[in-house]
Amino acid sequence: MTASVQEDGGPSQRQGWWGCEHYDRGCLLKAPCCDKLYTCRLCHDNNEDHQLDHRFKVKEVQCINCEKIQHAQQTYEGCSTLFGEYYCSICHLFDKDKKQYHCDNCGICRIGPKEDFFHCLKCNLCLAMNLQGKHKDIHTSRVVAHVLPCYRCPLCMHSALDMTRYWRQLDDEVAQTPMPSEYHNMTFHILGMKCSICESYNTAQASRISLDQQ
């Protein structure tokens, strides 16, 4: 279930849960930067001219039932309102139980379950257990990442952009540029070879198989 959100960033109720479009929780965060109450830091940033830089600095929350301000904690002792099925006292993250866990090395909470992941100290991130000892360090490559100077992958030849409009332009040019009579029976055109399946021109003919051979 995803809770709805009001334009002012306040909480709204749906099917028994409180929260916003980002999180399901039973409290509002008191932003340390402006002392305003918001369901989450994202709702705060969407409605203010500044950002809630660190949710780690959040010290107080407001209960959505009794509306009392109290220290950030999972359950309010006064009215027993559960602020979050999951609560991290470091990140001050309240949410429904999604098997979250806090990774001390990453410094943030991640979606689990925790036993399915490990933290790689070289890559400095959490990875699936089936990659342990089998993955390459993402920081060991000596090749600097950069934007390709062409419009297709040099390995799979797939277009990096949507070329549909360009293929239609080539269709028009091919129609206006007839091949010499001695080449009428050829499967290619001087402007390019069109694939009969995907209708693109970034293709090459590897072999021809007649229907009798299939």
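1. Strands here are DSSP runs (E, at least two residues), numbered from the N terminus, and two of them pair if DSSP finds at least two bridges between them.

2. Before going on, please note that this is a predicted model, in which local features need pLDDT of at least 70, side-chain atom pairs count only at pLDDT 80 or more, and totals for chains, interfaces and linings use all residues. Residues are numbered from 1 along each chain as its sequence is written, and side-chain values use heavy atoms, with hydrogens and water left out.

3. Strand β3 also has two bridges to strand β4 (residues 37–38), again antiparallel; here L29 is partnered with Y38. β3 and β4 make a hairpin with six residues between them, and D35 in the turn has a positive phi of about 65 degrees.

4. How do the four strands line up? They form an open sheet in the order β4-β3-β5-β6, with antiparallel pairing. β4 and β6 (69–71) are the edge strands, each pairing on one side only. Three bridges hold the antiparallel pair β5 and β6, where E60 stands opposite H71 of β6.

5. Have a look at C103 too, in strand β9 (residues 100–103). C103 counts as buried because its relative accessibility is 6%, the cut-off being under 20% (1.4 Å probe, protein chains only). Beyond its neighbours within four places in sequence, C103 contacts I108, H119 and C126 (heavy atoms within 4.5 Å).

Definitions and conventions. Buried < 20%, exposed > 50% of the residue type's maximum accessible area, 1.4 Å probe, protein only.
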